Amino acid sequence: MRVLILGIAGGIARKLATRLLDAGHEVLGIDVRPWSSAPHGIELHRVDVRKRAAEDVFRRRRPDAVVHMATVTALTVSGGERGRINLDGTKAVFDHCRAYGVKQAVFVGRHTFYGAAADSPLYHSEDEPPRALENVPELADLVAADLYAATALWRMPEVTTTVLRLVYTLGSPGTGTLASFLRGRRVPMVLGYDPLFQVMQEEDVVTAIQLALEKRIRGIFNVAGPPPVPFSIIIRETGRTPVPLPGPVLERLLGRFGFPALSKGSLAHIKYPIVVDNARFREATGFRYDNDEGRILRIFREASPPPGSQG
């Protein structure tokens, strides 16, 4: 199978590309970022997915499957450019899939689609709408991209569309949204709140995406690994110190005195949990994770010790 990975220079995308290559697939990639150490046999194109040069890759190489990982997901990134990348880029991807005969399109989204709200159910199913986006406006463009990808299920019946809503990754190399919360030695919490977080190790995420491709599943699927863990335990088990503060005080301290420079919208996410039910995905693919929560937190602590630590 010829697989085109968009955003191939990202950490998880690199691992997916290598895994697919080892499994005998032909792998191509598009990204504006370089990947100088890419394994021999992976065909790279340094272009913007929104530009004509990206469409030329679709037209000339005619991939069987496309994995769209070229979205900006970090809550710490804001601005109009993020919206253009996420929504305009996703529209371009699905337009090209339809025009050039792609058989399967996998959109890799995030479980934050469901939003963080006080009245949300503990476990979100794939049938639920997003909630409380006014609390986390940084999520609006990623939610819009997810919803647009989902419309391909009825707009483009000739393409097997798969929308994956992945929980956070946490491990080596210590990047991602949750890792940004844990960047400092002292980690802020909102006083009186200790939300549950779901985490996966990157190799398990790669396995999930590979299964989605090879099983050719169609629909929207939550993807999760071990049971959720309270934020305070994640903080302590990764060698940090939790610092509970009243919300208004914490807002004024963001980016100061050693606290991470989180957006104000991120505060809702460290108050209320976003936990997903992944039964549908497990039933469709037989997915099982290999790394439990203890191992995930240990790997992260070793890869990203607290600042000033001796490791």
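In the predicted model, Arg 62 is partly exposed, because its relative accessible area of 44% falls between the 20% limit for buried residues and the 50% limit for exposed ones. Arg 62 is located in the loop between helix H2 (52-61) and E4. Its phi is near 45°, a positive value in a residue other than glycine. The loop between H6 and E12 holds Arg 216, which counts as partly exposed at 39% relative accessibility.

Strand E1 (2-6) is mostly covered, with four of its five residues buried. On one side of the pairing scheme, E1 and strand E2 (residues 26-30) run parallel and are joined over five bridges. Within this pair, Leu 4 stands opposite Leu 28 in E2. The chain passes from E1 through H1 to E2, and this β-α-β crossover is right-handed. E1 is also joined to E4 in the parallel sense, by four bridges. Here Leu 4 stands opposite Val 66 in E4.

The largest nonpolar core comprises 42 residues. Among the residues with the most contacts inside this core are Ile 5, Leu 16, Val 67 and Met 69, together with Leu 164, Ile 209 and Phe 281. At least two residues each are supplied by strand E1, helix H1 (11-22), strand E4 (65-68), strand E5 (104-110), strand E7 (160-166), helix H6 (202-215) and strand E12 (219-223). The largest contribution to this core comes from H6, which gives seven residues. Leu 16 is in contact with Ile 5, Val 67, Met 69, Val 206, Ile 209 and Gln 210, leaving aside its neighbours within four places in sequence. Apart from this core lies another, of 28 residues, which includes Phe 58, Ala 70, Val 159 and Val 163. In soluble globular proteins, nonpolar side chains tend to be buried together.

Helix H4 (residues 140-155) has 16 residues and reaches 22 Å from its first C-alpha to its last, close to the 22 Å expected at 1.5 Å a residue. The buried residues of H4 are Asp 141, Leu 142, Val 143, Ala 145, Asp 146, Tyr 148, Ala 149, Ala 150, Ala 152 and Leu 153. An α-helix has 3.6 residues a turn, so residues three or four places apart point the same way.

Asp 146, in helix H4, counts as buried because its relative accessibility is 2%, under the 20% limit. The side chain of Asp 146 makes a polar contact of 2.7 Å with the side chain of Arg 165. Not counting residues up to four places away in sequence, Asp 146 touches Phe 107, Phe 113, Val 163 and Arg 165. Val 163 is also among the residues of the core of 28 residues.

Another aspartate, Asp 48, lies in the loop between strand E3 (43-45) and H2. The side chains of Asp 48 and Arg 50 are joined by a polar contact of 2.8 Å. With neighbours within four places in sequence left aside, Asp 48 is in contact with Val 32 and Ala 54.

Terms used: Residues numbered from 1 in each chain as written. Predicted model: local features only at pLDDT ≥ 70, side-chain atom pairs only at ≥ 80, totals over all residues. Heavy atoms only, no water. Expected span 1.5 Å × (residues − 1). Buried < 20%, exposed > 50% of the residue type's maximum accessible area, 1.4 Å probe, protein only. Core = buried A, V, L, I, M, F, W, Y, C linked by side-chain atoms within 4.5 Å. Contact = heavy atoms within 4.5 Å. Pairing = 2+ DSSP bridges. Right-handed = clockwise from strand over helix to strand, strands pointing away. Polar contact = N/O pair within 3.5 Å; in protein donor to acceptor, adjacent residues only side chain to side chain.
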